Amino acid sequence: MKIALLSTSYLESFYKKELKELDLADIIDVYVYYTYEHVVDLYRQISEQYDGILAGGTAPMRIIQKSYPKHKPMRNIECGISNFYREITRVIFEYQDFTLQYGYFDFCDVMCPDNAKSLIEKMKQGKFEEWFEKNQEFINQVPPNEIWDSLETKRNKHIELWKSGTVKYTLSRRSLIVPDLLKAGVNCRFVNCNQDDILKSSELLMHDITIQNLKKNRPAVIDIKPYPNTEENRQKIQKCLMSYSKKYLCDFLQEDQDDFIQVFTNHHSVEKLTCDFQTCTLKTYLEEKCDFRVSIGYGLGESLQDAVSNSLYALKESMNTVDYNSYLINVKKNKIGLFGDGRLVAFSSDVSPQILNLAEETGLSTLTIQKILKAKEILGDTDFTSQDLADILHITLRSANRMLDNMVRYHMAALLYHRQKGTKGRPQKVYRIIHE
């Protein structure tokens, strides 16, 4: 995955430094634009080389989206409220400006004391966060052409207020104009983002890119549930998944769904890590690394919605087995047990007329009939116990006993005799399948 970050010259060195510290420099390349006209042209030149675009602010992102409605996945680096608190607090104490009457803030155009509902009043009332969110909503609704046109107005206002002596400092969120302001002698401070903002925006963009690729490349979803199901154990799984994806070169995007971990990937990755749908290397890896049991359900689909639905069904099946064996539901809704013992146990939603007739005659579900036929295929004429049946179908002993009761009732199996194993314990019932 490759991402282009579009930055002004003022922030270029800052972004390169932060990306290096975040270990994202190999994924994200920084490009510099000098005007809004240039950022549109820059996008046109480089967009085909990248999976997604990260913009240094709302303005360049909105302007590109306006110019290219069918754009690549795109996010802007949102500056969190903590950065505004930080800069406002600094100027309050540095200039002893506890009413903010000597500052100009171009991100809200509140010129204290000209505005009765000043920023400091919102802070005193504990409503700054509420104001901040509303202000962000307003900015996001401003048409791109107004954002574009307002740049020169903002620049001139900073300079005019400074030269008139009305303000002692200014705060800005428009990095394109900061070099000009500093050159004009304005005591301007830029409200910059931090590492958390960059990381969060990058992760959101990677999520968007992955989801888009999944929609194009046949999606797959893996649901994983630990035992015991605690937040600590889910976090362990998430860390192990990162190592696993690097080791096996699989594209994983993971999300914590509170009750389980959900992994978004593609058909090819699932085929590879299940050894062509025969076993579950992921289960082995996680249980060895984490030292607790896990249930895993794989879902394949032509659409992401189908893959999610299939993975949930597969996870439910895994949770119902005695050893939490992994299951996979494929595009055709076939259920496949990933047991890795050379005996592929698969059940289909597209059942034959024979199975439908048997289900109608006995009142058993088509899935139960398929399990009985699969047991017959594996056992043949061999005598067996309920434990043998449980081992073959990877179901609980209780489920095997219930199934055998039905098989005997509908003359699909016969109880041959009781076998005493050792001198203690109850004798075992020995059966043979008689259904043709």
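Residues are numbered from 1 along each chain as its sequence is written, and side-chain values use heavy atoms, leaving out hydrogens and water.

**Stop 1: the aromatic rings**

A search of the whole structure turns up 12 aromatic pairs. Show Tyr36 beside Trp148: their ring centres are 6.1 Å apart and their planes meet at 75°, so this pair is edge-to-face. Tyr36 belongs to helix α2 (residues 36-46) and Trp148 to helix α7 (residues 144-163), so the pair ties together parts 112 residues apart in sequence. Tyr36 is buried, with a relative accessible area of 5%.

Next, select Tyr244 and Phe252, whose ring centres lie 6.2 Å apart with planes at 15°, so this pair is stacked. Tyr244 counts as buried at 0% relative accessibility, and Phe252 is buried too, with 19%.

For these labels, rings of Phe, Tyr and Trp (its six-membered ring) pair if their centres lie within 6.5 Å; planes under 30 degrees apart are stacked, over 60 edge-to-face, and the rest tilted. Helices (H or I, at least four residues) and strands (E, at least two) are DSSP runs numbered from the N terminus.

Then pick Tyr95, Phe105 and Tyr169, which form one aromatic cluster.

**Stop 2: Asn266**

Asn266 sits in strand β11 (residues 261-266) and is buried at 16% relative accessibility. What lies 2.8 Å from a polar atom of the side chain of Asn266? The backbone nitrogen of Ser269 does, and the backbone nitrogen of His268 is 3.3 Å from a polar atom of that side chain.

**Stop 3: the nonpolar cores**

A nonpolar core is a set of buried Ala, Val, Leu, Ile, Met, Phe, Trp, Tyr and Cys residues joined through side-chain atoms within 4.5 Å. The largest one has 61 residues, and Leu6, Tyr15, Phe107 and Ile198 have the most contacts inside it. Helix α2 supplies the largest share of this core, 6 residues. Apart from this core lies another, of 26 residues, among them Ala220, Cys290, Tyr298 and Ile336.

**Stop 4: Ile296**

Buried or exposed: which describes Ile296? Ile296 is buried, with a relative accessible area of 0%, and is part of strand β12 (residues 293-300). Residues in contact with Ile296, beyond four places away in sequence, include Ile222, Cys280, Leu286 and Tyr327; contact means heavy atoms within 4.5 Å. The C-alpha atoms of Ile296 and Cys280 are 8.6 Å apart, although 16 residues separate them along the chain.

**Last stop: confidence**

Finally, colour the chain by pLDDT, the predictor's confidence in each residue, from 0 to 100. The protein chain has a mean of 83, and 89% of its residues reach 70 or more. Over residues 110-116 pLDDT stays under 50. Where pLDDT is low, the predicted coordinates should not be read in detail.

Note on methods
Predicted model: local features only at pLDDT ≥ 70, side-chain atom pairs only at ≥ 80, totals over all residues. Buried < 20%, exposed > 50% of the residue type's maximum accessible area, 1.4 Å probe, protein only. Polar contact = N/O pair within 3.5 Å; in protein donor to acceptor, adjacent residues only side chain to side chain.
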